Amino acid sequence: MNLSSQAQAFVLHFGEMGSRWGFNRTVGQMFALLTIHSEPVNADQLAEALKISRGNVSMGLKELQAWRLIELHHQPGDRKDYFTAAGSIWDLARTVFEERRKRELDPTLTLLRQLLLTDPGDEQEALAQEKIQEVYSLLEMLDRFANTLSKLDEKDLLKLMKLGSGLSKLLELKSRAGTKKSPPKER
């Protein structure tokens, strides 16, 4: 499988970004290739295209399946497993977000809940618990917001994103207007 220079640049960059999104560079590259490739791809094709070992591909495919980002396909008369990205770009983004939430946010909220159930032993612990409560409240609000977003369809999510960018401009204008001194009132 030959990759165009554009596809290769995308795959390489996606590999670098993968480490920031919660999986390693090779898994990011595999995911990118499966995302832009129109036909199902088998492990040998992935290894060849990315110039990585078959074992590395196998481990990466397992990780992508654990993240629910790829789908397994079979072709008649072929014993090999073939893979594609699991849905549209929006579906994939939603899945990454949900998986990160399960892996990172949920355990943090659980720990913070447990810490808040413990009565503080002294003033320093009471102050620490106040800050823990602030963190918990913020993360819980973000979690509720994320739940709401994950239930929206693509069309409504796009509307909300456009509204959000317009809202930030409106708040900026309001802020500027609030800093200007108003003329003195006449008597």
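Predicted model: local features only at pLDDT ≥ 70, side-chain atom pairs only at ≥ 80, totals over all residues.

Trainee: How do helix 1 and helix 2 cross?
Mentor: The axes of helix 1 (residues 5-21) and helix 2 (residues 25-36) come within 7 Å and cross at roughly 140 degrees. Helices here are DSSP runs of H or I with at least four residues, numbered from the N terminus, and axes are lines fitted to C-alpha atoms over the stretch in contact, with angles from 0 to 180 degrees between N-to-C directions.

Trainee: What do you call that orientation of helix 1 and helix 2?
Mentor: Helix 1 and helix 2 are oblique to each other, since angles under 35 degrees count as roughly parallel, over 145 as roughly antiparallel, 65 to 115 as roughly perpendicular and the rest as oblique.

Trainee: And how do helix 5 and helix 6 pack?
Mentor: Helix 5 and helix 6 (residues 123-151) pack at about 150 degrees, with their axes 10 Å apart. That angle makes helix 5 roughly antiparallel to helix 6.

Trainee: Switching topic, how many aromatic pairs are there in the whole structure?
Mentor: A search of the whole structure finds four aromatic pairs. Rings of Phe, Tyr and Trp (its six-membered ring) pair if their centres lie within 6.5 Å, and planes under 30 degrees apart count as stacked, over 60 as edge-to-face and the rest as tilted. The rings of Phe10 and Phe14 have centres 5.1 Å apart and planes at 45 degrees, so this pair is tilted.

Trainee: Why are Phe10 and Phe14 separated by about one helical turn?
Mentor: Because they are four residues apart in helix 1. Ring pairs also link Phe10, Phe14, Phe23, Phe31 and Trp67 into a cluster.

Trainee: Is Phe14 buried or exposed?
Mentor: Phe14 is buried, with a relative accessible area of 15%, whereas Phe10 is partly exposed at 33%. Buried means under 20% relative accessible area, exposed over 50% and partly exposed in between, using a 1.4 Å probe and protein chains only.

Trainee: Last one: what is Thr95 in contact with?
Mentor: Leaving aside neighbours within four places in sequence, Thr95 is in contact (heavy atoms within 4.5 Å) with Trp67, Arg68 and Leu69. Thr95 lies in helix 5 (residues 89-117) and is buried, with a relative accessible area of 10%.

Terms used
Residues numbered from 1 in each chain as written. Heavy atoms only, no water. Helix = DSSP H or I, 4+ residues; strand = E, 2+ residues; numbered from the N terminus.
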